[in-house]
Amino acid sequence: MQSYTDAHADDAVSTALLAELRSHIPADRVLTNGPQYTQAVALFNAAVDIRPSVIVRCATTADVQAGVRASRHHGVPLSVRGGGHDFWGRAFRPGGLVLDLTDMREVQIDIHHRFATVGGGALSSDVVSAAERVGLTAVTGTAGAVGMVGLTLGGGYGPLIGQFGLAADNLLSADVVLADGSRVNTDAENHPDLFWALRGGGGNFGVVTSARIRLHPVPTVVSGTILYPVAQSAGVLAGLGEILQGCPDELTVDVGFLPGPDGEPTVYVAPTWSGDLEVGNAENGPVRTLAGLGTPVLTEVGPVARSAALAATDAMFPPGRMGAIRTRTVQSVSGSIATVLDRAAQEFTSPFSAIVWHPFHGAATRPPIGSTAFGRREPHLMVELISMWEGSDGKGNAGGGDGKSPHLRWLEELHAALEPFSLPGGYVNFLGPETPDQVADSYGPNTERLLAVNLRSTRTSSSPPHRSLSGPPTPVPNLCEAQPTSLLQPPEASLPAKPPHRLPHPGPAPPTPALRGEQGRDGHSHHCYGGTAAASPRSQPGLTPPPTASASPGSSPSPLTRGTTGRVRRRTPPSYPRVVRVRSLTQIIEARR
């Protein structure tokens, strides 16, 4: 059997491989060069420069099956492209075969039963737009350009998390092509272990060609953007910290730092209210109250279709720039953590970078830790560290960190500075090969079961079990995202590199195409052993690790307290000097272009 490895990336694609593919798939969908190939290798992150040998533009599940079998037969590294939003470009392998699902974007809505059946290449915006037309919506991340399946497989943090949980919690069933090319439908009753693993375990178990997801009657939310000058960050973050501790499920508030139109950093507050619109849009309601934590330079909030909210994030982070991402998980942003983030914001090396943290609260915290593969269920904040730049001033590649780029240096230094205050693990969709320690801890007490399911899902009826699947730790990007990527041999950053010794060794097996890809990204996951989530503090000059408790005794009450009517009481904000206001969010978006 011919052996195809990354070292053969520049070799000619085997005639036999192409002949087999084209015997099952129309020749114009099997790409090795030309304009269509060039278009197909373009990804969200322009820093990625990987050239696969052949791209199969799949239109049906049968195409996916043919591609999997051909890669196995010829020993070609296999990967999967969904939304193409993964920062590491794991949709591609050098010299490999790509199953490109971007033509499988169909979305079918069952209004009566409130679910959507989505193709493996459907974007979050595809699903939300289709559901919105019939008064429904799906649980997604914050960006519309992220692949829906990849987001879901990795967990899927998002603005509806408090009311409806993770995207993974809303997965009802999936059609999956396994490592031997067979197709299975999995749900709570059929192949339940595989269904369990797909909900937060990432793209490590097969290629998801179709998924059925639960929908909710919330096509319109009260949402928007509030920006404060960075000089007010201490007071604003303190007030927000109190709010996030006690806010109702209907309110999810993403917070962070963004460069403003003038280049100066701002405190970014992005609330989403998914409850009663009258309550959410009231002057003293839960959303507008957040504009009273200081003197904002921009307050642009109100009822908005979810599709418009997703489009606004896409406009702020358009494709074609270079970038890298890291993540940390913390209990709160206060004290030393707030100091670290504030300092990093004032040292942004690019007007396109960002620091954003997403709350994990409400409905997402209620399922038992073992009910899905998602590795953390206690309240926390997932911190997203994004470095984006234009041109070739960033010398490192996607996910690099060789010290040659000031943008990567800023990112790596911030990521390291947060380590002493962070919980173990991280959001798997935002983890890459640079952070193996975080990857190893991300699945928590679910790791051994995931490894066992992985072993079974790569076993065929005629051969010993394969080595582990190949997929990212699960990316499926949020702002970065990806698609069902997984099947055969998880990449270095996928499941922990050292499986527990008690698991049986897979034994010899025929060469398995190492499948990588994006299926599984934009969600988020982590772990907590033995009931304690506090990380061991490490000494750092001038910084004090936070207490392990989520709130210190005697802390002041939350500025937002939900009463019997669902309304929110507003605390008196501190006074600040008058500041120049930003006219609209469009001004921010234009400044980032």
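This passage describes the overall make-up of a predicted model and then two of its elements, helix α11 and strand β11.

The model is predicted, with local features requiring pLDDT of at least 70 and side-chain atom pairs pLDDT 80 or more, while totals for chains, interfaces and linings use all residues. Residues are numbered from 1 along each chain as its sequence is written, and side-chain values rest on heavy atoms, with hydrogens and water left out.

The chain contains 15 helices and 18 strands, taken as DSSP runs numbered from the N terminus (helices H or I, at least four residues; strands E, at least two). Of its 593 residues, 61% are buried, that is, under 20% relative accessible area with a 1.4 Å probe, protein chains only. Of the contacts (heavy atoms within 4.5 Å) between residues at least 6 apart in sequence, 77% join residues at least 24 apart.

Helix α11 spans residues 335–345 and is mostly covered, with 8 of its 11 residues buried. The buried residues are Ser-336, Ile-337, Ala-338, Val-340, Leu-341, Asp-342, Ala-344 and Ala-345. Their cover includes helices α8 (233–246) and α12 (406–418), together with strands β12 (251–259), β13 (265–273), β15 (322–330) and β16 (354–360).

Strand β13 also pairs with strand β11, antiparallel, through 6 bridges; pairing requires at least two bridges found by DSSP. Strand β11, residues 220–229, is mostly covered, and 8 of its 10 residues are buried. Leu-227 has Tyr-268 of β13 as its bridge partner. Strand β11 also pairs with β14 (residues 298–305), in the antiparallel sense over 8 bridges, and there Val-222 is partnered by Pro-303 of β14.

Conventions
Buried < 20%, exposed > 50% of the residue type's maximum accessible area, 1.4 Å probe, protein only.
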